[in-house]
Amino acid sequence: MKKALIAAALCLSAHTAGALEVELDKVVHATGSGVVAETAAVMLGDSRHPIIYPFALSFGLGVAKEVYDSRKGGSGFDRSDLAADFIGAASGALLGRGVYLYATRNGGGVGVHTKF
């Protein structure tokens, strides 16, 4: 019985590892969108919609890039790239909002704090 459980666990972990493999391109899409959204969220922190505007800007750039890729001779429109852009834009906008709120509540600026 113990050997069967170990074999099942090994099969499950091998299947899970294969399912979790992510193409480098998707990581680049998510990271790029996240950086754009986070930067915009910090810069637009006092705007009327401090999360929606950065998200829309970042995701809009991702959509524009996929439309550009869909042209003749391009690499083609890829919905999974858009999904990675969506995840990056959403997480970046939320993270940037958190950075903005932290900075404005703790000294008024983003920088190195020397108090421990």
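Begin by selecting P54, S58, G62, E66 and D69, the buried residues of helix α3, where buried means under 20% relative accessible area, exposed over 50% and partly exposed in between, computed with a 1.4 Å probe on protein chains only. Seen down the axis of α3, these buried residues fall within an arc of 105°, taken from the directions from the helix axis to the C-beta atoms, so they line one face of the helix. This is a predicted model, in which local features need pLDDT of at least 70 and side-chain atom pairs count only at pLDDT 80 or more, while totals for chains, interfaces and linings use all residues. Residues are numbered from 1 along each chain as its sequence is written, and side-chain values use heavy atoms, with hydrogens and water left out.

Next, colour the whole of α3, residues 52-69; helices are DSSP runs of H or I with at least four residues, numbered from the N terminus. At 1.5 Å a residue, counted for one less than the number of residues, the 18 residues of α3 should span 26 Å, and its end C-alpha atoms are 25 Å apart, which agrees. On the other side of α3, select I52 and Y68, which are exposed.

What covers the buried residues of α3? Among the covering elements are α2 and α4 (79-105). In α2 (residues 24-43), select S33, which is buried with a relative accessible area of 6%. Leaving aside residues up to four places away in sequence, S33 touches S58, D85, G88 and A89, a contact being heavy atoms within 4.5 Å.

Now turn to the rings: the structure holds three aromatic pairs, meaning rings of Phe, Tyr and Trp (its six-membered ring) with centres within 6.5 Å, called stacked if the planes are under 30 degrees apart, edge-to-face if over 60 and tilted for the rest. Select F55 and F59, whose ring centres are 5.7 Å apart with planes at 10°, so the pair is stacked. F55 and F59 are four residues apart in α3, which separates them by about one helical turn. F59 is partly exposed, at 22%.

Key: Helices (H or I, at least four residues) and strands (E, at least two) are DSSP runs, numbered from the N terminus.
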